[in-house]
Amino acid sequence: MKKNSLQSYEARDAYLLIAPLLVLVLVFILFPVISNFYYCFTDWKGFGAVNWIGFDNFSSMFQDDKFWQSLNNTLFLFLFIPLGAFVPLTLAALLRGGLKGWKFFRAIIYLPNVLGYVILGMIFNLCLRSDGPFNSLLRLVGLHSLALDWMSQPFLALLSLGLIYGVWMRIGFGTIYFLAAMGGIDEQLYESARIDGAGWWTIFWRITLPSIRFNIEFWIVMSVIENVARAFSFIYAFSKGGPGYSTYTLEYGLYGVGFINGKMGYASAWATVLFFICAIIAIIQIRLMRRPENE
């Protein structure tokens, strides 16, 4: 009897401790998500009357060039995810391999992550202008043909966004993350491979990568989410979606449609598409994490 009473007290205390968090989740996550599913079928400006219009928002969205442009741009950024995983993986392997001063290099590599996305976006916006430091440096070393107008040409702006946000900004945290993952690999595997005459690349490809497969899969999934749902602040400071709509993504398009154009109901339709994309990614991640290691 006393044991059951003790368990009930512990359960009550546990619920009391998580109650504030549950309230926050309900108010700031669950309620907005449910509300979005309602407003996506309405004509609403964010205030005033709410008019039910059924699937008209979705019909307009699928005929909207900005939507398809933003979707294409989002998918284009996915192309940089493999490079955004391979570069920090390689750097982590090099640092772990006994590079002299590797702790110093680790600190330098991670340093940009201390700065926020907005600050980094503003810095690169200034650096990549036609008269910015990057082009000035290229001209100084005689590479005048590479001193391009990075921020005014649509493809170059999108390419710059992919290389900076999808690759360069993943290096710092990615290197630390993969270094931590490699720390769990049995050192005897490396010693045995070296005795057998295996080179650095063979060891990296045959031992390191298979040993941290789950970490790599998790990193790729998180990189997809970063591109889909966490790039707004950087894009806003870097290019504001321009030139034109060349660096628009689904996430940034929500801001443009909802807060600039004042079409909250229409923006909710965009958000619904974004929600299902993130949900599919989350399901894939769960399935990957549950997959047996020997598969």
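**View 1. Arginine 96, at 26% relative accessibility, counts as partly exposed.** In this predicted model, arginine 96 forms a salt bridge with glutamate 187, and the closest N and O atoms are 3.2 Å apart. Glutamate 187 lies in helix H9 (residues 187-195) and arginine 96 in helix H4 (residues 81-96), so the pair ties together parts that are 91 residues apart in sequence. Glutamate 187 is also partly exposed, with a relative accessible area of 33%. Arg96 and Glu187 belong to a network of salt bridges that includes Arg194.

**View 2. Glutamate 226 forms a salt bridge with arginine 170.** The closest N and O atoms of this pair are 3.8 Å apart. Helix H11 (residues 213-229) holds glutamate 226 and helix H8 (residues 154-182) holds arginine 170, so the pair ties together parts that are 56 residues apart in sequence. Both glutamate 226 and arginine 170 are buried; for glutamate 226 the relative accessible area is 14%. Glutamate 226 also meets arginine 230 in a salt bridge, at 3.3 Å from N to O. Arginine 230 is partly exposed, with a relative accessible area of 40%. The whole structure has six salt bridges.

**View 3. Threonine 272 is buried in the model.** Threonine 272 is part of helix H14 (residues 264-290) and has a relative accessible area of 6%. Leaving aside residues up to four places away in sequence, threonine 272 touches Asn36, Phe37, Cys40 and Phe58.

**View 4. A nonpolar surface patch covers about 950 Å².** Leu21, Val23, Leu24, Val25, Leu26, Val27, Phe28, Ile29, Leu30 and Ile34 make this patch. Leucine 26 sits in helix H1 (residues 2-39) and is partly exposed, with a relative accessible area of 47%.

Terms used: Residues numbered from 1 in each chain as written. Predicted model: local features only at pLDDT ≥ 70, side-chain atom pairs only at ≥ 80, totals over all residues. Heavy atoms only, no water. Patch = residues over 30% accessible without salt bridge, like charges linked within 9 Å, V, L, I, M, F, W, Y side chains within 5 Å. Areas by Shrake-Rupley, 256 points an atom, 1.4 Å probe, with all protein chains shown as cover. Salt bridge = Lys/Arg side-chain N within 4 Å of Asp/Glu carboxyl O. Helix = DSSP H or I, 4+ residues; strand = E, 2+ residues; numbered from the N terminus. Buried < 20%, exposed > 50% of the residue type's maximum accessible area, 1.4 Å probe, protein only. Contact = heavy atoms within 4.5 Å.
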